[in-house]
Amino acid sequence: MLPVKGTTPAPGAPGTASARARRAADGPQPPGEHTRPLRVAVIGGGPGGLYTAALLKRLVPGRQVTLWERNAPDDTFGFGVVLSDETLGGIEHADPRVYAALERDFVRWDDIDIVHRGTRHTSGGHRFAALGRHRLLEILHERCRSLGVELRFRAQVPDPARLAETYDLVVAADGVHSTTREAFADVFRPRITAHRCRYIWLAADFAFDAFRFEIAETGHGVMQLHGYPYAAGASTVIVEMREEVWRAAGFDETDATESVERCAKVFADALGGRPLRSNNSAWTTFRTVVNERWSHGNIVLLGDAAHTAHFSIGSGTKLAVEDALALAACLREQPTLDSALTAYEEERRPVVASTQRAARASLEWFENLPLYLGQPPRQFAFNLLTRSRRVTHGNLRLRDARFTEAVERGFGCPPGTPPMFTPFRLRGLTLRNRVVVSPMDMYSAADGVPGDFHLVHLGARALGGAGLVMTEMVCVSPEGRITPGCAGLWTGRQAEAWRRITDFVHDRAPGTAIGVQLGHSGRKGSTKLMWEGLDEPLDEGNWPLVAASPLPYKPGSQVPRELSRAQLTDLREQFTAAAVRAARAGFDLLELHCAHGYLLSGFLSPLTNHRTDAYGGSPQKRLRFPLEVFDAVRAVWPGDRPMTVRVSATDWAEGGLTAEDAVDVARAFAAHGADAIDVSTGQVVADEKPEFGRSYQTPFADRVRNRAGVPVIAVGAISSWDDVNSLILAGRADLCALARPHLYDPHWTLHAAAEQGYEGPGVVWPAPYRAGSRPPRTGRTDAPKPRLTLGD
């Protein structure tokens, strides 16, 4: 229930949409007069529906706005509501009277208490505002009536299709179980996902003095309490636990009264022995709602009917109110209803998607809470606070520097040292900081030989301060290339060219390590250079492909030959020969590429390995050849130099590898001597459906690290040094690999140090660059203007 903080984006330009049904009586709208729709029906009397009704009536007093709600006006099924500063700011600018009424009843506080294994840690500066849900509804009822909105409570809602025929606009704010959405499911195309925890909304008749998270380790499993004040003498209390814990504790067989009493006993310390109470409360599972479309003709979805985000980031009422603000603004700005609904969806969809990603991260953190119980209490608290990836190390330092510095000290950061600039040891190699330049294919070699481009590319990034610079995937044979421009290590000439690069790194960027990633393209080889056609077969000059099974990567791709036992032996020898050359070339670390659908990855995934021999079938058999290659390479790679393995932790496809499978894969490689696992995802099958977003792959690294107990390298849209600090300090990753940020800025790590005011052994400016070690001055940037501003 931490409010999601961020700025509300400006409205997107309306895109092309199908013509919507319009009432025959509609005439052309006079330019500049935003009077349509004149008749508005609102379904649902929650905060989103009520606020929409009030705003639309306020914008055009002559509108007829009617709201239907099947429950009584004083019925409410929650207790407290938490609102963020952004949402309150939007309300203040759009309707000062509503804001003033809310302000009189708000309970405000700054602290979050986290209690784990008898230790409480407090983090301040979070600026919460809450009030009772019943009072919020009263305020909105009063505002609607004062404006002339017709409120119909205890009313059977007319069929939405009939409303659409008699009203200009129908706003469906009828909640997570929206009947409007279900009536037009073939158009809205909802996807509803149920999750793994049970929870119940309760209340206590006293006010917590902080937002409180308390963990109870019971004989049945882990339970958690989320509590916060919403009035001078009342608090919301949510009790949550995994489904299997809920059943083991017998909550599936208790009535409501007994459930409430048992929850009060479990969290007696947090409650000071006081009882809990319910309001028709029942155990439920959270459901994430996503719709492909939000409007159909003159019907539009709003709030939980359109989308949901887990309560642990306090987003439900926030999103609904912000939907209302955006819808009202778009109806005011756009010349037609069609363009207004298009603009509304284009504006809100990316904001909602971002919030849902954060909510999913928070939800999954609590689902996997047992993973983190062994962390030191202060680190555990930091991990909890940053679980959604919206609150970061930098945010917490601004809010509560004392708390953040205490977490850093507990982690082992010397005074004034950000977490990313602490050293990390892998076998005989000590990296001076936690930043890795991720492997990035450059497709710029000639006959597998790296040239001046590679020297400049890798050399520049080594000078840029990263602790470890990785090569692109270096191929172990000509047939193992992805494209004709891929670099290799199948000849002595190639090894000599690589030696030139490693010597430069070691001589001119002392303290920076350089690693080689060895791999074989498998079925994804013999393709054009990336910028000529990603994964497209060569027009000429193709070479034959081999793979675990004879399956093309995508329609039109070359069909590979299934590897025979003799060919598997040959491939192992190719990998070991390349590893010997890599050691002689002076590389400090070797990574085995078992990800992204290349040859070794193709053995691991059931989607790409259909073999019936000893190398296919069960997970153990699919692991057999990659492990044989790892063992062979480890045997020839110098004992004091570390080896890592890159894996795809999920195939993002039905029937493929899952996050749980990835833990088993990581354990297997660790048992064979892997020093760390480089956790990536996907690119195994062409029809994958990844869930992109900021730091979207890091939860997989977190799971591997904390389930398999092996060091991990996190990758995937990590774009800021604040992200790196947060991931490292929370214990979700040991190293962070960044790709595109290093293409944008070869000196990303040096600049990260300068921007944080850090000068120490974790990063060293090359002598010729020291004059640029301070960030240049920048011009002023103004904050965005309020989304909708109306006078009294």
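A search of the whole structure returns zero disulfides, a disulfide being a pair of cysteine sulfur atoms within 2.5 Å.

The structure is a predicted model, in which local features require pLDDT of at least 70 and side-chain atom pairs count only at pLDDT 80 or more, whereas totals for chains, interfaces and linings use all residues. Residues are numbered from 1 along each chain as its sequence is written, and side-chain values use heavy atoms, with hydrogens and water left out.

An open sheet of six strands shows mixed pairing and the order S8-S2-S1-S9-S16-S15. Helices (H or I, at least four residues) and strands (E, at least two) are DSSP runs numbered from the N terminus, and two strands pair if DSSP finds at least two bridges between them. S15 pairs with strand S16 (residues 299-301) in the antiparallel sense over two bridges, and His296 is placed opposite Ile299 in S16. Helix H1 (residues 47-59) lies across strands S1 (39-43), S2 (64-69), S8 and S9 (169-172), and runs at about 170 degrees to S2. Axes are lines fitted to C-alpha atoms, for helices over the stretch in contact, and angles run from 0 to 180 degrees between N-to-C directions; contact means heavy atoms within 4.5 Å.

An open sheet of three strands, with antiparallel pairing, has the order S3-S7-S4. Its edges are formed by strands S3 (80-83) and S4 (107-109), each with a single partner strand, so one side of each is left without a neighbour in the sheet. On average, neighbouring strands of this sheet are turned by 30 degrees against each other, direction ignored. Four bridges connect S3 and strand S7 (residues 128-132) in the antiparallel sense, with Gly80 opposite Gly132 in S7. Helix H4 (residues 133-147) lies across S3 and S7, at about 80 degrees to S7.

The end C-alpha atoms of residues 420-753 are 9 Å apart, and the span is 35% helix and 16% strand. Strand S20 (residues 468-475) is mostly covered, with eight of its eight residues buried. S20 runs parallel to strand S19 (residues 435-437), to which two bridges join it, and parallel to strand S21 (residues 513-519), to which six bridges join it. Val469 of S20 stands opposite Val437, and its bridge partner in S21 is Ile514.

Thr698 is located in helix H22 (residues 698-708) and is buried at 3% relative accessibility. A polar atom of the Thr698 side chain lies 2.7 Å from the backbone oxygen of Ser695. Leaving aside neighbours within four places in sequence, Thr698 is in contact with Arg389, Ala714, Val715, Ile718 and Leu727.

How values were computed: Buried < 20%, exposed > 50% of the residue type's maximum accessible area, 1.4 Å probe, protein only. Polar contact = N/O pair within 3.5 Å; in protein donor to acceptor, adjacent residues only side chain to side chain.
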